[in-house]
Amino acid sequence: MSHQITVMVHTPAHSGIGGALTYESDTAHTPGTLVRVPLGSRELLGVVWDEAAPLPESAEPTAAPMQLRAIASVLAGLTPLSAHWRQLVQFAAHYYQRSPGEVALAALPSQLRDLSTEQWARRLKRKPKAVAAFEGTTQAMPTPTDEQAQVLADIAAHKGPFLLFGNTGSGKTEVYLRAAQAELERNPQAQILVMVPEINLTPQLEERFRARFAPKWGADCLVAMHSSLTPAQRLKNWLAAHNGEARIVLGTRMAVFSSMPHLQLIVVDEEHDPSYKQQEGARYSARDLAIYRGQLEGAKVILGSATPSLESWHHSRPATAAEPAGRYMRLAMPSRVGQGALPLVRRVDMNRQPYKTVFSNHLLDAMRERVTRGEQILVLLNRRGYAPVLNCNDCGWKSECPHCSAYRVFHKLDRTLRCHHCGFTQPVPRACPSCGNLDISPLGRGTEQLEEHLAELLAEVCRPDGEPIRITRIDADSTRLKGELERQLAEVHAGAVDVLVGTQMIAKGHDFRRVTLVAALNTDGALFSSDFRAPERLFSLLMQAAGRAGRDANMHLVSPCEMWVQSHHPMHPLFEALKQHDYPAFAEQQLKEREQATLPPFSFQALVRAEARSQEAAQSFLNAARDAGAALADELLVDLYPAVPMTIQRVANIERAQMLIECTSRKALQHFLVHWQADLHLLRSAHRQVIRWAVDVDPLAI
């Protein structure tokens, strides 16, 4: 008997065939089964989505029978993807305005999509490698602090979701470890999902989890899931999680879609980090999907941060006479483990420093003292390269990128001008391309220049053993080679580095035990930004950076740990709150401003972005879309703003524009977006110059 089955394949929402496709099969395959199906001249991997139905017989004897293409093959030996997993994909696709097939297939390992049925059969025949014995040292479990014990008791007694608001160094990771251990001991099949915002944070967290759990649950109890894995590694780890063999999955935002049939606990570390928001394809928030997945699976969810996002802080508000409590349960750990003190924040008024001063004299004196005592220093400058611009003083030429509305950054090590948006790279010209002037100079500074400048300023300073000090730079350029980041971090942890210069890569999540002084430079840019989230991001970055200092309470320090912030606006309220390490006060002030301006979390937003060969074409498409949706928007009280160029409006010779959509009701906004999609598809066919368009729900950058 023939059946018709619905299959999701990787088709973008704007392709016009974003839904499930129907195929014929002799077998009624279980929903979630992976199959290979023909689509045009290609053969693609697909997921059986719904229950199979018998092929209907034609009501008219003379009517031609319905012609369906047959599925090509089935990937044998794989348990079907669970109903909860398919619900998660369906919800993500609906909420973020993408096709379910696009989300579902992007969540599967690329090698699984690319292998033919024959190749898959050969892979199944391979003998699995013997499980390696755990070779590390078994670590004794530390005694939990009173705050940790109370938090763990609350997690055990309540359903959650939980917002774990713990100061840097308060032992949030130990809470994650103990909560995971409790679930694994309670349920012999339980699986744990632990997410971190960036790949560079996975090695040290993986090491701690493996040391805690591998002695009892085996060396293969934990697998990683992030984009730095090879296709073969990702497939292997995905299969281990899908089959229930891996008890713990540790990964970045993509891990939220891991197939884990026995999921019992989800941990989202540094939940405030914008890296949890995908910026291409389906623009989902892994943090928000983790909350939804926890509800689907009946799993507990812990969001942890020393500087929670204002949305999560608002959702965890206690009940008052004016409004009910938020949806999350807030758990607080204000004290550092070992009663270590948070660093003293010192503000330097750069208005009183000589022109073009990079490091104030007081800061330099403090750095020299720390280094001579064998302590480490962290210098934060969130801009890589040597200088953001090369400039000709005679004619005003600047190193603009010919393909983008941005400047190419000067990298001194390889003498190149490099665009950080499109990747266009050229050697530094010997003379000004415009007027021939030989004297072209850098404007501004990046981490490369800072590293060079510090080497000059501290050239006469020695370590306690008399050796010259060592300065290391960690940013996206210095860690480009595979394994380089792990090597450099190992040197920092071993004490071989005295001064660590870097971008935000080094400011969060790392447990640098010897750092006693943190210096933050060029912090003013975000204070008066047009982006309403800029102060939140700056405060979070500075608080996280400050938290790298003084993490070892056993260090015998001559003077307390410090954070130095150089600013032209040292009395700004943001720095006042930072000096007191008072996140609640900062959050209260920011939420009050946002409520007055009806900004998230007191309203909900979406962006429609369009890309075209000309700015006029991109804006024309968006304004036509605005006109098409105006009637429905008025009915639902949705605000549609005019189209404007994006902040960087041209990238790789493609012009970009955007239109903001805002509403005080999430339900009304979603209703509008769903019904507006048809208008966007029709307009796309009428505006041939538009290359692509996309909807970004809950955008983090406007």
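Which residues is Ile661 in contact with, leaving aside its neighbours within four places in sequence? In this predicted model, the residues in contact with Ile661 on that basis are Phe604, Gln605, Ala606, Val608, Val638, Asp639, Leu640, Leu669, Phe672, Leu673 and Trp676. Ile661 belongs to the largest nonpolar core, which holds 126 residues, and together with Phe257 it touches the most other members of that core. A second, separate core consists of 28 residues, among them Tyr176, Ala190, Leu205 and Leu265.

Aromatic rings were examined across the whole structure, and the search finds 14 aromatic pairs. Phe539 lies in helix H14 (residues 534-546), so its pair with Tyr583 in helix H16 ties together parts that are 44 residues apart in sequence. Trp313 and Tyr583 are both buried, and Phe539 is likewise buried. Phe165, Trp313, Phe539, Tyr583 and Phe586 form one aromatic cluster.

Helix H12 (residues 447-457) has as its buried residues Thr447, Glu448, Gln449, Leu450 and Leu454, and these pack against helix H11 (361-372) as well as strands S15 (376-380), S17 (409-411), S21 (471-474) and S22 (499-502).

How values were computed:
Residues numbered from 1 in each chain as written. Predicted model: local features only at pLDDT ≥ 70, side-chain atom pairs only at ≥ 80, totals over all residues. Heavy atoms only, no water. Core = buried A, V, L, I, M, F, W, Y, C linked by side-chain atoms within 4.5 Å. Buried < 20%, exposed > 50% of the residue type's maximum accessible area, 1.4 Å probe, protein only. Contact = heavy atoms within 4.5 Å. Helix = DSSP H or I, 4+ residues; strand = E, 2+ residues; numbered from the N terminus. Phe/Tyr/Trp six-rings, centres within 6.5 Å; stacked < 30°, edge-to-face > 60°.
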